[in-house]
Each structure stands twice: as C-alpha cells, then as structure tokens.
Amino acid sequence: MKREKDYFIEPHVHNPVERQVVWTQEVLFIKSGRVRVDFYNDDKVYLESRIVKKGDVILLASGGHGFCMLETSEIIEVKQGPYSGDKDKTRFTPVSKENIKYK
C-alpha cells in the first residue's frame, strides 16, 4: 500500500471466515540477487523464462514454475496455508539449458 500523509486506516480485526483452498498460489518478493523463473503450463510443458531481480514481485497463480539462482539471492515467499509438505507439489523434469527461451 502507498498512502498520502495523514491517510488513516481505521482499527480493525479480521473476522473468522472459513475458506477452502484448492490450488496453492504464491507471491515472491525478490530481496536481492537475480533469479531465472521458468514457466510451464498445467500439462508441465515449458513455455518461457523471465529474469527477476531485487525489488521485483511475482505472483505464481497457475501452471508450473521452476527457478535458477543466477546469483546469490534472497527471496520472501508468501502463500496460503496450511503447508502440506511433499503433498503440496509434484516435481517434474526441468527444461534443458539449450531450450531456455527468454521473453
């Protein structure tokens, strides 16, 4: 959020609302470094890659994804829980280096 000086947000509490999470979505905040993000469709077919760097934020809402740290990187990952460990994801073979394409 960015608000002007003296903008006021009323004090509040969050009400208990039952939610059912079907798909895990995540947001990554890149604190430092550079990271290649490889994107795949829902059928695990490679689509393209992008590079994110310090200050970037990325939402991963659908499809598959993989990461390669291009330099030492710090990332804050935020996703809804509870975390289910190994049941939370299915791993698959990444794109080969010679087939990486940047958009």
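The model is a predicted one, and its largest nonpolar core has eight residues. Its largest pocket holds about 1,200 Å³ of space, and the salt bridges come to six.

- In soluble globular proteins, nonpolar side chains tend to be buried together.

**Largest pocket**

- The lining of the largest pocket is made up of 34 residues, and those that lie nearest its centre are G63, H65, D88, K89 and T90.
- Strands β1, β5 (64-69) and β6 (74-79) each supply at least two residues of this lining, and β5 provides the largest share, with five residues.
- Sorted by class, the lining of the largest pocket comprises 14 nonpolar residues, 11 polar residues and nine charged residues.

**K79 and its surroundings**

- K79 is found in strand β6, and it counts as partly exposed because its relative accessibility is 26%, which lies between the 20% and 50% cut-offs.
- Although K79 and Q25 are 54 residues apart in sequence, their C-alpha atoms are 5.9 Å apart in space.
- Leaving aside residues up to four places away in sequence, K79 touches T24, Q25, E26 and D88.
- K79 also forms a salt bridge with E77, in which the closest N and O atoms are 3.9 Å apart, and E77 is partly exposed, with a relative accessible area of 46%.

**Other salt bridges**

- Among the six salt bridges is one in which the side chains of E48 and R50 meet, with an N to O distance of 3.0 Å.
- Another salt bridge joins K53 to D56, with 3.9 Å between the closest N and O atoms.
- K53 is partly exposed, at 47% relative accessibility, and D56 is likewise partly exposed, at 23%.

How values were computed. Residues are numbered from 1 along each chain as its sequence is written. This is a predicted model: local features need pLDDT of at least 70, side-chain atom pairs count only at pLDDT 80 or more; totals for chains, interfaces and linings use all residues. Side-chain values use heavy atoms; hydrogens and water are left out. A nonpolar core is a set of buried Ala, Val, Leu, Ile, Met, Phe, Trp, Tyr and Cys residues joined through side-chain atoms within 4.5 Å. Buried means under 20% relative accessible area, exposed over 50%, partly exposed in between (1.4 Å probe, protein chains only). On a 1 Å grid over the protein atoms alone, a cavity is a set of points where a 1.4 Å probe fits but cannot get out, and a pocket is an open set with protein on both sides within 12 Å along at least five of seven lines; lining residues have an atom within 4 Å of a point. Grid points are joined across faces, edges and corners, and a volume is the space filled by probe spheres set on the points. Helices (H or I, at least four residues) and strands (E, at least two) are DSSP runs, numbered from the N terminus. Ala, Val, Leu, Ile, Met, Phe, Trp, Tyr, Cys and Pro count as nonpolar, Asp, Glu, Lys and Arg as charged, and the others, Gly among them, as polar. Contact means heavy atoms within 4.5 Å. A salt bridge is a side-chain nitrogen of Lys or Arg within 4 Å of a carboxyl oxygen of Asp or Glu.
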